[in-house]
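Thank you all for coming.

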Amino acid sequence: MKEVIGVRFRTNGKIYFFDPLNYLIEVGRSVIVETARGIELGKVVLGRREIDEGKMSSPVKPIIRIANEKDLKTAEENKIKSMKAYEVCLEKIAKHGLTMKLIDAEYTFDNNKVLFYFTADGRIDFRELVKDLASVFRTRIELRQIGVRDETKIVGGIGMCGRELCCNKHLSEFVPVSIKMAKEQNLSLNPTKISGVCGRLMCCLNHEQKTYEYLNDRLPNVGDVVKTVDGKKGEVISVNVLRQKVKLIITLEDDTKEIEEYKIEELKFKPNKRRHDDKVSDEELKKLEALELKEGKSRLDEE
């Protein structure tokens with residue numbers, strides 16, 4: 001077992017583990033660490049804890065020191081320099097006539113490198129742009145192409161729910177999302193209603209998936225014939241997943257039919273594996289297939 005602390009370099013970024021050594025570090029403090037990009041300043045978001053070294057993909061590096069006032073001032077200066085670098089890069093992109101969208105610019109803590117994040121529909125030949133930027137900043141330049149989900153995570157925004165985007169607010173990493181989740185939750189299969197700001201399937205579909213799976217497994221399927229506790233038989237015509245209620249068409253002794261609603265506790269049936277209604281129009285099916293292809297491609301880009 002290895003004692004570590006969790007450090008973030010962006011507000012909503014991935015958490016990386018480092019060896020705290022003998023430093024007494026509280027959550028919320030800033031620390032100086034060495035990463036693959038060089039020397040960086042990060043914020044401690046997870047206090048001391050023990051993890052199994054066998055489950056770590058790479059050795060845990062020790063922190064260099066707790067950040068002091070000078071380090072924090074340097075970080076603030078780097079933010080200002082990054083904003084200026086962003087403006088300069090926009091001008092250079094326009095000058096070279098490149099079809100790319102600049103998303104963000106970032107100086108490393110030691111000013112050893114300037115990173116520019118951008119999106120583009122295809123591959124971009126930015127060799128001349130890199131040379132131009134290097135002559136201006138006189139340091140190492142790295143242009144990194146990112147996907148639309150990463151763009152949304154960096155830029156942020158408001159979702160259709162009226163709240164800040166999950167990926168920008170609290171998700172450290174993107175979670176796998178599929179059309180099956182929308183079906184499980186009885187959502188409209190219209191791509192415009194289950195896609196987020198980024199144009200991909202909404203991350204929040206994953207939030208309640210396990211709850212819906214549990215609740216759906218306790219319900220009969222539409223079309224099943226079930227028996228009530230008072231001996232009546234009826235065909236299921238609709239289910240209310242969240243309220244755990246079922247509507248039945250019951251045939252009375254005089255052959256008349258009526259619709260009655262029951263709680264699942266008032267029914268006798270053998271729970272079956274949940275069936276989904278796959279009746280989708282050809283036009284919607286094409287849109288859904290295109291959306292799932294985009295989703296798969298996006299995950300490959302992020303990996």
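This is a predicted model: local features need pLDDT of at least 70, side-chain atom pairs count only at pLDDT 80 or more; totals for chains, interfaces and linings use all residues.

Let me start with Lys-101, which forms a salt bridge with Glu-151, their closest N and O atoms being 2.6 Å apart; by salt bridge I mean a side-chain nitrogen of Lys or Arg within 4 Å of a carboxyl oxygen of Asp or Glu. This pair links distant parts of the chain, since Lys-101 sits in strand 6 (residues 101-107) and Glu-151 in helix 3 (residues 148-155), 50 residues apart. Helices (H or I, at least four residues) and strands (E, at least two) are DSSP runs, numbered from the N terminus.

Residues are numbered from 1 along each chain as its sequence is written, and side-chain values use heavy atoms, with hydrogens and water left out.

Is each partner in that pair buried or exposed, or something in between? Lys-101 is partly exposed, with a relative accessible area of 47%, whereas Glu-151, at 13% relative accessibility, counts as buried; here buried means under 20% relative accessible area, exposed over 50%, and partly exposed in between (1.4 Å probe, protein chains only).

A search of the whole structure finds 17 salt bridges. One of them joins the side chains of Arg-37 and Glu-40 at 3.0 Å, N to O, and both of these residues are buried. Another brings together Lys-131 and Glu-128 at 3.7 Å, and these two, being three residues apart in helix 2 (residues 127-137), are separated by about one helical turn. Of this pair, Lys-131 counts as exposed at 54% relative accessibility, and Glu-128 as partly exposed at 49%. Elsewhere, salt bridges that share partners join Arg-10, Arg-37, Glu-40, Asp-104 and Glu-106 into one network.

Helix 2 brings me to the packing. How do helix 1 and helix 2 cross? The axes of helix 1 (residues 69-96) and helix 2 come within 10 Å and cross at roughly 140 degrees, where axes are lines fitted to C-alpha atoms, for helices over the stretch in contact, and angles run from 0 to 180 degrees between N-to-C directions.
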